[in-house]
Amino acid sequence: MTDRDLLAVRLGQLARELQHETDTSATLDAMVSAAVQLVPGAEEGSVSVVTSRRFVDSHHATGSLPEQVDALQTETGQGPCLDAAFEHQTVRINDLRTAVRWPAFAARAAETGALSMLAFQLYVEGDNLGALNLFSTKADAFDDESEHVGLLFAAHAAIAVADAQKQDQLREAVATRDVIGVAKGILAERYKITPEQAFLVLTRLSHDTDTKLREVAAELVRSGSLPDQDADTGR
């Protein structure tokens, strides 16, 4: 079998394995691990999440090296992860010791042991971004084939990240619904009002105190009191 045939077989195996994986975090762990195994030249990998165009955190890292490099990108405000997501879809660095694009970052990153890097854009949402990063302790570790294979993994990782974000939003929505439901029950029982009237009490307090509705409800559930005890109960 050719290398491309072997890659196709391995990707097929990975897809079948991930079909049975319900934990998105575990899915991304497996995706990054497989990318390190199959992208020519890769020794370490991670998914970097950048918030506010500045703060870089390593997720699903296969070792400590990605975490060190991402910490330097946050400290210096520059690096391939930032460029990959905000300026280019793919950034390849052959030797960080001679890279001139990021003067404050490159030399210090090389001191961690990372010499070659590949960074692939996963998503951009306003000032937040995600990137798949691959690392090598050798110079000139990545070539065109590395980019081609890495792009395949980046495409799948982008889908997994999008799925994780949707799941987070769903969990947040369910948690918000549940805590508001409990708060409505407390008010309905305490003031002998309907659930609809209890909801109006919560929304009015949210508006009057400039506090998110979920936070108002959560405070009532936690402490048994509202920000304004003299609030109109809607009766």
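**Close-up views of the predicted model**

Figure 1. Leaving out residues up to four places away in sequence, S146 makes contact with V39, P40, L118, F120 and A141. The model shown here and in the following views is predicted. S146 belongs to helix 6, which spans residues 144-191. With a relative accessible area of 0%, S146 is buried, since the cut-off for that class is under 20%. The side chain of S146 also reaches the backbone oxygen of P40, at 2.6 Å.

Figure 2. The loop between strand 5 and helix 6 contains A141. When neighbours within four places in sequence are set aside, the contacts of A141 are P40, G41, S116, S136 and S146. A141 and E43 are separated by 98 residues in sequence, while their C-alpha atoms are 9.5 Å apart in space.

**Figure 3. Strand 5 and its two pairing partners.** Strand 5 covers residues 128-136, and eight of its nine residues are buried, so the strand is largely enclosed by the rest of the structure. Strand 1 (residues 44-51) runs antiparallel to strand 5 and is joined to it by seven bridges. Within this pairing, V47 has L132 of strand 5 as its bridge partner. Strand 4 (residues 116-125) also pairs with strand 5 in the antiparallel sense, over nine bridges. N128 of strand 5 stands opposite E125.

**Figure 4. The aromatic pair of W102 and F105.** A pair of aromatic rings is described by the distance of the centres and the angle of the planes. The protein has one aromatic pair by the rule applied here. This pair is formed by W102 and F105, with 6.4 Å from centre to centre and 90 degrees between the planes. The arrangement is classed as edge-to-face because the angle of 90 degrees is over the cut-off of 60. Both W102 and F105 are buried.

**Figure 5. The buried face of helix 8.** Helix 8 comprises residues 213-223, and its buried residues are V216, A217 and L220. Viewed down the axis of helix 8, these buried residues fall within an arc of 95 degrees, so they line one face of the helix. G224 follows helix 8 and has a positive phi, near 85 degrees.

**Figure 6. D29 in helix 2.** Helix 2 extends over residues 24-38 and includes D29. D29 is partly exposed, because its relative accessible area of 37% lies between the cut-offs of 20% and 50%. The C-alpha atoms of D29 and A61 are 7.6 Å apart in space, although the two residues are 32 positions apart in sequence.

**Figure 7. Overall context of the close-up views.** The protein contains eight helices and five strands. Along the sequence these elements follow the pattern α-α-β-β-α-α-β-α-β-β-α-α-α. Of the 235 residues, 40% count as buried. Among contacts with a separation of 6 or more, 59% involve residues 24 or more positions apart. The protein exposes about 12,400 Å², of which carbon and sulfur atoms supply 50%.

Methods: Residues numbered from 1 in each chain as written. Predicted model: local features only at pLDDT ≥ 70, side-chain atom pairs only at ≥ 80, totals over all residues. Heavy atoms only, no water. Helix = DSSP H or I, 4+ residues; strand = E, 2+ residues; numbered from the N terminus. Buried < 20%, exposed > 50% of the residue type's maximum accessible area, 1.4 Å probe, protein only. Contact = heavy atoms within 4.5 Å. Areas by Shrake-Rupley, 256 points an atom, 1.4 Å probe, with all protein chains shown as cover. Polar contact = N/O pair within 3.5 Å; in protein donor to acceptor, adjacent residues only side chain to side chain. Arc of directions from axis to C-beta. Pairing = 2+ DSSP bridges. Phe/Tyr/Trp six-rings, centres within 6.5 Å; stacked < 30°, edge-to-face > 60°.
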